[in-house]
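Please look through the model below with its sequence at hand. The paragraphs after it are meant to be read alongside the coordinates.

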Amino acid sequence: MSSSTDSPTLTTETTQLSPQPDTETAKPTKKITLKSSDNQIFEVEESVAMEFATVKSFFEDSPSTDTVPLPNVTAKPLSQVIEFCKEQIKFKANPDEAQKKKYNAEFVTEKSDKDLVDMIPVANYLEIKDLLDVLNQAVADRIENKSVEYVRSFFGIDNDFTAEEEAALRREHAWAYEGVDED
Amino acid sequence: MNSRDGFLPDEVVIQVLARLPVKYLFRAKTVCKLWYKLSSDKYFVQLYNEVAAKNSVVLVEVSDSSELKSSLICADNSWGVSELSLDFLKDRVKVRASCNGLLCCSSIPDKGVYYVCNPMTREFRLLPRSRERPVTRFCPDGEATLVGLGCNLSVQKFNVVLAGYHRTFGHRPDGTFICTVFDSDTNKWRKFVSFQDDRFTLMNRNQVVFVHGSLHWLTSVCSYILSLDLNCDVWRKISLPDEVIYSAGNRAHLLELDGCLSVIQISEEWMKIWAMKDYESEEWHLEDRVSLRCIRGMVPGIFPISQTREHVFLATYKQVLVHQRKSRVWKELYSVKNSSPLPLWFSAHAFRTSIFSCN
C-alpha cells in the first residue's frame, strides 16, 4: 500500500479575516446603573446592559430612568454575569468562534458548583440566552456520570422512592448505572 | 420538585437534564419521582430531541478482518468517539437505515428479519414478518434494494420501507417495483406495486433522507432524486440542480441539512453544498462552496455522510473527517488502525441522539 494515498496528511486552512482598522469610537459611551437586591450598584456600559433582554425591555418601557432595580438578583452572580457579557460584546465586534469557545469554557471551569448554580436563575431572569446555554451545559457536564446520590445532593433533592422502588428502577435500566465516576 | 432551599426553578432543571447524554438521563430517573416522570413527559421529550438534534454524529460499522464481529463507532465533533453496542438485540445485525435517533437493522443469519431500535435507550421492536415475503422475490439476492426508515418525532411514529424489483423464479426482473411499508401505529405492512426502472449504487442506497414526510434516494445516474411520499404511497422524481446534472466528472451525494433536502456535489477542487429550502417549489440554493485543496490527495475517496449548519462529516477508507464550515478547518475525528476489509464509507450513516421510543 502506498503511503501517499493511504494516509495523506491533513493540512488546515484558515481564512484570514481582513485586518480590522482600529476604529475605537471616541464618543463617550452611555452608562447604565443596575442595582442588585443587596443594594450594590453596578455601572455598566449601555451595550452590555442591552445584552440583558429584561433590562432592555425595561428601558423600552421607561426610557427616562437611569437606575434599574433587580430585586431577584444578588451582587456576586450579577458581577459574574456582567463579566461574561462584556467579553461576549468583544466577540460580537470581532467574531472568532475558537476564541469564544475557549473563553466560554474557561469561564465555567474556574467557577465553583455554587457559583454556576447561582448564576443560572440570574441568567434566566435577565434572559441572556447564550449564557444560559453555556451554564446549563456546564452543570450537565458536572453531574454527568455521577452517582444518583451525588446528583441529589448537588440539586438539594430528597429521595422520595422507597428502597424497594429504587432497587426496581436500578434493575430496569441496569446498564445506565455502569461505570460511575467517583464523587 | 423539592425546592427546599428554593435553589433552582423547575424550568432550569429541565434545561440541564435536556443536555445530559441518554445514559445519565436514565440514571437520573432514580433521583426522585418528579425526575422519573419527566423523562417521558411530552414537552421534555421534545425539548431533549431539539437540543440533541444540534449534535449530529457519524455512525460507522467497523468489522474486523474475520468479518464475524463488527462494532458501531459513533464519531461526533464535541463528544469525540464512542462505541455503541447493539448487543441488546441478541442477534447479529447490519444497520440498514438511520433516522432521527432510530436505526433499522436487518438480521444477518435470518434473512427477512428486521428490527427498529433506539441504540441510546436500548429499546427495540422486532418487526412482524411481511406475509408477502415467500411470494415476493426481490432482485438481486432476494434482498430489498432499498431499505428506508422514516421517523416522525412530533407524532412519535415511524415507517420502514422495503422496496425492490420483483423477479419471478427463473425470470429476469421485468420492471415491477414492489414496495412494502411498515407502519408503527398499526404494526402492519402494506404493499403496493409500481413500474419503474431506477438504478442505485451502494452509496445511493445507504443515503436515504427523510424530510417532509417523504423518503428520498438519489439514483445512480445522478440526474434525479426518487422520493416516496409515505402519506399517499406515491413515488415521484425530483430534479437535481442543473449544475450537478450537467457537470461532467462530478459526484453527488444526498444528505439532510436542517430538515431540508441537500445535495453535496464533489468535483476535483470543490465541494458544493446545495439545499432545497422550499420543498414545494423544488428550487435549489447553493449554500456553500468548500475548497478541497487541503485534502487534495484524498478527494476521490471521500464521501459526505452527515452535516449540520456548522459541520460536514465525511468518511474515507479508514478515516472520518469533519469540515468546520465557518473556520474552514479540516480535522480527523476517527481512524481505524488495523486494516479492515471494507472501507468505512461502505457502512456509514448519519445519526443523531433522540429519546424516541420505538415501542
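This is a predicted model: local features need pLDDT of at least 70, side-chain atom pairs count only at pLDDT 80 or more; totals for chains, interfaces and linings use all residues.

Residues are numbered from 1 along each chain as its sequence is written, chains are lettered from A and ligands numbered from 1 in the order in which they are written, and side-chain values use heavy atoms, with hydrogens and water left out.

Chain A has nine helices and three strands, where helices (H or I, at least four residues) and strands (E, at least two) are DSSP runs numbered from the N terminus. Read from the N terminus, its elements follow the order α-β-β-α-α-β-α-α-α-α-α-α. Of its 183 residues, 37% count as buried, a term that stands for under 20% relative accessible area, with exposed meaning over 50% and partly exposed in between (1.4 Å probe, protein chains only). If one takes the contacts (heavy atoms within 4.5 Å) in chain A between residues at least 6 apart in sequence, 59% of them join residues at least 24 apart.

An unreviewed UniProt entry annotates residues 129-176 of chain A as "domain: SKP1 component dimerisation"; UniProt positions are given in the numbering used here, feature names are shortened, and annotations may be inferred rather than shown by experiment. Over residues 129-176 the chain is 69% helix and 0% strand, with the end C-alpha atoms 31 Å apart. Helix 8 of chain A (residues 148-155) has six of its eight residues buried, so it is largely enclosed by the rest of the structure. The buried residues are A:Val148, A:Tyr150, A:Val151, A:Arg152, A:Phe154 and A:Phe155. They pack against helix 6 (113-126), helix 7 (129-143) and helix 9 of chain A, and also against helix 1 (10-17), helix 2 and helix 3 (33-38) of chain B. After helix 8 of chain A comes A:Gly156, which has a positive phi near 65°.

Rings of Phe, Tyr and Trp (its six-membered ring) pair if their centres lie within 6.5 Å, and planes under 30 degrees apart count as stacked, over 60 as edge-to-face and the rest as tilted. By this rule there are 20 aromatic pairs over all chains. One of them is the tilted pair of A:Trp175 and B:Phe26, 5.5 Å centre to centre with 35° between the planes. This pair joins two chains, because A:Trp175 lies in the segment after helix 9 (163-172) of chain A and B:Phe26 in helix 2 (residues 22-28) of chain B. A:Trp175 is buried at 13% relative accessibility, and B:Phe26 is buried with a relative accessible area of 9%. Within chain A, ring pairs also link A:Phe84, A:Phe91, A:Tyr103 and A:Phe107 into a cluster.

In chain B, an open sheet of four strands has the order 3-2-1-25, with antiparallel pairing; two strands pair if DSSP finds at least two bridges between them. Strand 3 (80-84) and strand 25 (348-352) are the edge strands, each pairing on one side only. Strand 1 (residues 56-63) and strand 2 (residues 70-76) of chain B are antiparallel and joined by seven bridges, and B:Ser63 stands opposite B:Ser70 in strand 2. B:Ala348 lies in strand 25 of chain B and is buried, with a relative accessible area of 5%. Leaving aside residues up to four places away in sequence, B:Ala348 touches B:Leu59, B:Val60 and B:Ile305.

Strand 10 of chain B (residues 157-166) has nine of its 10 residues buried, so it is largely enclosed by the rest of the structure. Strand 9 (residues 146-152) pairs with strand 10 in the antiparallel sense over seven bridges, with B:Leu149 opposite B:Val160. Strand 10 of chain B is also joined to strand 11 (residues 176-183) by seven bridges, again antiparallel, and there B:Gly164 stands opposite B:Ile178.
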